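Subject: Structure handover

Hi,

Here is the model I promised to pass on. Have a look at it first, then read my notes below.

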Amino acid sequence: MALSLYVDTARWRAHQKSVIDQFPGLVPVCKGNGYGFGHERLSEEASRFGADMLAVGTTYEAARIKDWFSGDLLVLTPFRRGEEPVPLPDRVVRSVSSVDGVHALVGARVVIECMSSMKRHGISEQDLGQLHAAIEDVRLEGFALHLPLDRTDGSDAVEEVIGWMDRLRAARLPLHTMFVSHLRAQEQARLQQQFPQTRFRARIGTRLWLGDHEATEYRGAVLDVTRVARGDRFGYRQQKAASDGWLVVVAGGTSHGVGLEAPKALHGVMPRAKGVARAGLATVNRNLSPFVWAGKQRWFAEPPHMQVSILFVPADAQEPKVGDELVAHLRHTTTQFDRLVDR
């Protein structure tokens, strides 16, 4: 009895191919929890479709994934002096976001991140004059730009990249490869046409692995079902049942990521109103679970436990049975499954 991730493998791989076809030279990203699939599985998929490079989040991830992926590994987190050394093979490429970082990586393979409108990290235009001397002691694999997802100011992503290309060219820095994130296929094509001597390589994770929502589905197995009457006490805190129904114990708890949710950026009146309503219900211990039964998302009877959740199903719904599986709407990047089932 488990929280399972079901994958329509043929459909999932067809989507991967559609993305790869749109982005020549694509660098797949495998970071965090492997977008819900795990590092080993995504390493296998990247090898299957012939990727020569796989991007990972940290040096610790690179140390694990090196045994599953034989190509180059690009570490996205920028190098910092004083970081804990992690033994890594020569096929690992480090991201660098400062001139000092370049000086500290003598002999290493590096990608230099430029400061984009994300304003997260990267070299500035003022740093370019110092880079000539610095890059003589490293093996420069290219430059990179990590762009924002939304552009509420109406700015153009392509123009932002062109601006950096012009600055790098004016500084007489090599422009053989530019790694980019969060560009549309037609935007990358425009750039490739304008700069034919530069190879543009899109680093893509979410769109590649999670772009087809119908290709995957989480399900939690029902472990126990107990009938309760209104007023019956139950659970760790001995709350009272609000009405007649069933307490349904389902696989999937906090250790799987159930009940954990990353903050969301809300835009518009309706999403904000819904957020306020959810917060209000939570103050009276009414929290909607991600589990669906009989066509409705069901309420947690109490906060999820470590490996299971207890749901309340009212008496007017069909009674769940032990062994049934409930579809669960879970965020891939925060979920750990017990088993993965290819269909």
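Two strands count as paired here if DSSP finds at least two bridges between them. The strands concerned are β4 (residues 72-75) and β5 (residues 92-96), which run parallel and are joined by 3 bridges.

Before going on, the housekeeping. This is a predicted model, in which local features need pLDDT of at least 70 and side-chain atom pairs count only at pLDDT 80 or more, while totals for chains, interfaces and linings use all residues. Residues are numbered from 1 along each chain as its sequence is written, and side-chain values use heavy atoms, with hydrogens and water left out.

**The parallel sheet**

β4 and β5 belong to an open sheet of 8 strands with parallel pairing, in the order β2-β9-β8-β7-β6-β5-β4-β3. At its edges are β2 (27-28) and β3 (53-56), each of which pairs on one side only. Helix α6 (residues 157-170) lies across β6 (109-114), β7 (139-146), β8 (177-181) and β9 (199-204), at about 145° to β7. (Contact means heavy atoms within 4.5 Å; axes are lines fitted to C-alpha atoms, for helices over the stretch in contact, with angles from 0 to 180 degrees between N-to-C directions.)

An unreviewed UniProt entry annotates residues 15-153 as "domain: Alanine racemase N-terminal". Bear in mind that such annotations may be inferred rather than shown by experiment; the positions are in the numbering used here and feature names are shortened. Over residues 15-153 the chain is 28% helix and 21% strand, with the end C-alpha atoms 31 Å apart.

**The aromatic cluster**

The whole structure has 4 aromatic pairs. (Rings of Phe, Tyr and Trp, the last by its six-membered ring, pair if their centres lie within 6.5 Å; planes under 30 degrees apart are stacked, over 60 edge-to-face, and the rest tilted.) Trp12 and Phe37 count as stacked because their ring centres are 4.5 Å apart and their planes are at 20°. Trp12 is in helix α1 (residues 9-22) and Phe37 in the loop between β2 and α2 (39-48), 25 residues apart. Both are buried (under 20% relative accessible area; exposed is over 50%, partly exposed in between, with a 1.4 Å probe and protein chains only): Trp12 has 1% and Phe37 has 3%.

Trp12 also forms a tilted pair with Trp209, 6.1 Å centre to centre and 45° between the planes. Trp209 sits in helix α8 (residues 206-210), so this pair ties α1 to a part 197 residues away in sequence. Trp209 is buried too, at 1%. Ring pairs link Trp12, Phe37, Phe49 and Trp209 into a cluster.

**Charges over rings**

Arg219 has its charged end over the ring of Tyr6, 4.1 Å from the centre, and Arg167 does likewise over Trp164 at 5.0 Å. (The test is NZ of Lys or CZ of Arg within 6 Å of the ring centre and within 35 degrees of the ring normal.)

**Around β14**

Strand β14 (residues 288-293) has 5 of its 6 residues buried, so the rest of the structure largely encloses it. β14 pairs antiparallel with β15 (residues 296-300) over 3 bridges, where Trp293 has Lys296 as its bridge partner. Their hairpin has 2 residues between the strands, and Ala294 takes a positive phi near 55°. β14 is also joined to β17 (residues 325-328) by 2 antiparallel bridges, with Phe291 opposite Ala328.

Cheers

Note on methods: Helices (H or I, at least four residues) and strands (E, at least two) are DSSP runs, numbered from the N terminus.
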